[in-house]
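The structure comes first, and the notes follow by topic.

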Amino acid sequence: KEAIGHWERAIEILPDASSPYRNLGIIYSRIYKNYDTALFYFNKALKVEPDDPMILFNIGMTYEGKKDYLRAIDYLQKSLAMDSTSVNTRSRLANIYYGIGEFKEAVKMNQDIMRIAPQESLPYVNIGNYYIFQKDTLNGIRYYEKAVELGAPPDASVFLSKYFQLKGDVT
């Protein structure tokens, strides 16, 4: 709550700066899950800085939090149009597409990440998750292994370790 007061004071001092609005949007969206208030602040930030792909990304993430996936996709695509190399934006889009049943589009978005950032492990984790959720363990494991090879976060390694222990294949 104290941070909110500080950012509100920053708006009084610098009403034409986008960062106080953006930071209030992040606080309301990610901490309080108050998506409507977050959107109010993100839209204020967007008016100040209309060419900032991160503001559009945050609006997309907020709509995802509201489960308004079509608007989330719209804003994330606008963000991606401004920053076509953003791995995080492509990954969020891919996961939303998967969540709404667009498996092929989700895989395509992750393949785009593999092309743009070949050493990035995230698309392999994502596709591994999609296959695991579809109960296609063999393909899921293949993608997880590649993710670990590329230095994926520990979660992927822990999953693989537990999987192989469960199957009795620990060699």
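In this predicted model, K135 sits in the loop that joins helix 8 (122–133) to helix 9 (137–149).

**Backbone in the loops**
- Most residues other than glycine have a negative phi.
- K135 is not a glycine, yet its phi is positive, at about 65 degrees.
- The side of K135 open to solvent amounts to 73% relative accessibility, so K135 counts as exposed, the cut-off being over 50%.
- K33 also has a positive phi, about 55 degrees, without being a glycine.
- K33 is placed in the loop between helix 2 (18–31) and helix 3 (35–48).

**Aromatic pairs**
- The structure holds eleven aromatic pairs.
- One of them is Y98 with F103, an edge-to-face pair with 6.3 Å centre to centre and 65 degrees between the planes.
- Y98 counts as buried at 18% relative accessibility, whereas F103 is partly exposed, with a relative accessible area of 23%.
- Y98 also pairs with Y130: the ring centres are 4.3 Å apart and the planes are at 10 degrees, so this pair is stacked.
- Because Y98 belongs to helix 6 (residues 87–99) and Y130 to helix 8, the pair ties together parts that are 32 residues apart in sequence.
- Both Y98 and Y130 are buried.
- Ring pairs join Y98, F103, Y124, Y130, Y131, F133 and Y143 into a cluster.

**Charge over a ring**
- K78 lies over the face of Y75, 4.7 Å from the ring centre.

Technical notes
Residues are numbered from 1 along each chain as its sequence is written. This is a predicted model: local features need pLDDT of at least 70, side-chain atom pairs count only at pLDDT 80 or more; totals for chains, interfaces and linings use all residues. Side-chain values use heavy atoms; hydrogens and water are left out. Helices (H or I, at least four residues) and strands (E, at least two) are DSSP runs, numbered from the N terminus. Buried means under 20% relative accessible area, exposed over 50%, partly exposed in between (1.4 Å probe, protein chains only). Rings of Phe, Tyr and Trp (its six-membered ring) pair if their centres lie within 6.5 Å; planes under 30 degrees apart count as stacked, over 60 as edge-to-face and the rest as tilted. A charge sits over a ring if NZ of Lys or CZ of Arg is within 6 Å of the ring centre and within 35 degrees of the ring normal.
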